[in-house]
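Biologist: I would like to learn how to read a structure model with care, one feature at a time. Could you take me through it, giving the general idea before the case at hand?

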Amino acid sequence: MNILHKIVDAKKIRVENAKKINPLKNIQKIAESLASESSNFYSAIKRFPDEPINLIAEIKRASPSKGLLKDYDITEMADIYVSHGADAISVVTEEDFFVGSTEIFQKVKTRHSRIPVLRKDFIVDEYQIYESKLLKADAILLIACILTVNQCRTFYELSKALGMDVLFEIHDEEDLKKAIYTEADIVGINNRNLNTLQVDLDTTFRLQKIIPPGKLTVSESGISEKSHVRELIKHGIDAILVGTSLILSDNPGKKIKEFKCLV
């Protein structure tokens, strides 16, 4: 069993346990009452011509490929991201392999309510979408390769109905077909193969060429150098999602400024 299957299986167990503690009907009613609160995630990361690339700066504790990253203060890092020009924040809430939590998300969102915050997790059940609304997430991640075509469409429409944007993540041409069917307006191209954990920036360059016009595109994973960002700008990418290279940097604020100053 590869790492992706392990993550998904563990997540399904956690969701079922959560339902026993707080049933779906309970959180569904509350989430629907908040549906009028709409997101500004899309507008925050949309890039216009001759503007710097937009940056989604990520908060995470660990990853399957790197293990524990380093011990750092979540609040301080979020403050650095916001004060140095990040356009949105991504918070990884997956517990077993990324050492995330909804508590970390709440801490960041409560402190920085004016900047869009993306809940990044392995969403496999509508329960997590209602839960995300209760967390006041501005957007959620949907990963095409772990969902059926029908789930992609259903989860996407539910998220939008609740007032949340969706970063619809793809890894290959089959995933792109799901994005097109779903009519996703924000397509995230993950340069990391979730089965092998290998990173290849050419994934973005290859898929960007065949994404239909009118989609907002985000490149994810493996972005650590100014040269990477310059190439992504040349290929028309709207935004980048960067986590590990910021967290491990001696000066994450300076690194954000470097990425943001490139046109």
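Predicted model: local features only at pLDDT ≥ 70, side-chain atom pairs only at ≥ 80, totals over all residues.

Biologist: How many helices and strands does the chain have?

Modeller: Helices (H or I, at least four residues) and strands (E, at least two) are DSSP runs, numbered from the N terminus. By that reading the chain has 12 helices and 10 strands. Its radius of gyration, taken over C-alpha atoms, is compared with a globule rule of 2.2 Å times the number of residues to the power 0.38. The chain comes out at 17 Å, close to the 18 Å that the rule gives for 263 residues, so it is as compact as a globular protein of that length. The C-alpha trace spans about 50 × 40 × 40 Å along its principal axes.

Biologist: What share of the residues of the chain count as buried?

Modeller: Buried means under 20% relative accessible area, exposed over 50%, and partly exposed in between, with a 1.4 Å probe and protein chains only. Of the 263 residues of the chain, 54% count as buried. Among contacts between residues at least 6 apart in sequence, 68% join residues at least 24 apart.

Biologist: Is Ile146 buried or exposed, and which residues is Ile146 in contact with?

Modeller: Ile146, placed in the loop between β6 and α7 (149-161), is buried, with a relative accessible area of 17%. Leaving aside neighbours within four places in sequence, Ile146 is in contact with Leu4, Val8, Phe122, Ile123, Val124 and Gln151. The C-alpha atoms of Ile146 and Leu4 are separated by 8.5 Å, although the two are 142 residues apart along the chain. Asn17 and Asp250 are 233 residues apart in sequence and 39 Å apart in space, C-alpha to C-alpha.

Biologist: Where does Thr102 lie?

Modeller: Thr102 lies in helix α5 (residues 102-111) and counts as buried at 18% relative accessibility. With neighbours within four places in sequence left aside, Thr102 is in contact with Thr93, Arg119 and Leu135.

Biologist: Which residues lie nearest the centre of the largest pocket?

Modeller: On a 1 Å grid over the protein atoms alone, a pocket is an open set of points where a 1.4 Å probe fits, with protein on both sides within 12 Å along at least five of seven lines, and lining residues have an atom within 4 Å of a point. The largest pocket is lined by 31 residues, of which Lys60, Phe98, Lys120, Arg192 and Ser221 lie nearest its centre. About 490 Å³ of space lies in the largest pocket, where volume is the space filled by probe spheres set on points joined across faces, edges and corners. The largest share of the lining, three residues, comes from α1. Lys120 lies in strand β5 (residues 117-120) and is buried, with a relative accessible area of 14%.

Biologist: What space lies in the second largest pocket?

Modeller: About 300 Å³ lies in the second largest pocket. This pocket is lined by 20 residues, and the closest to its centre are His171, Asp172, Asn193, Leu194 and Asn195.

Note on methods
Residues numbered from 1 in each chain as written. Heavy atoms only, no water. Contact = heavy atoms within 4.5 Å.
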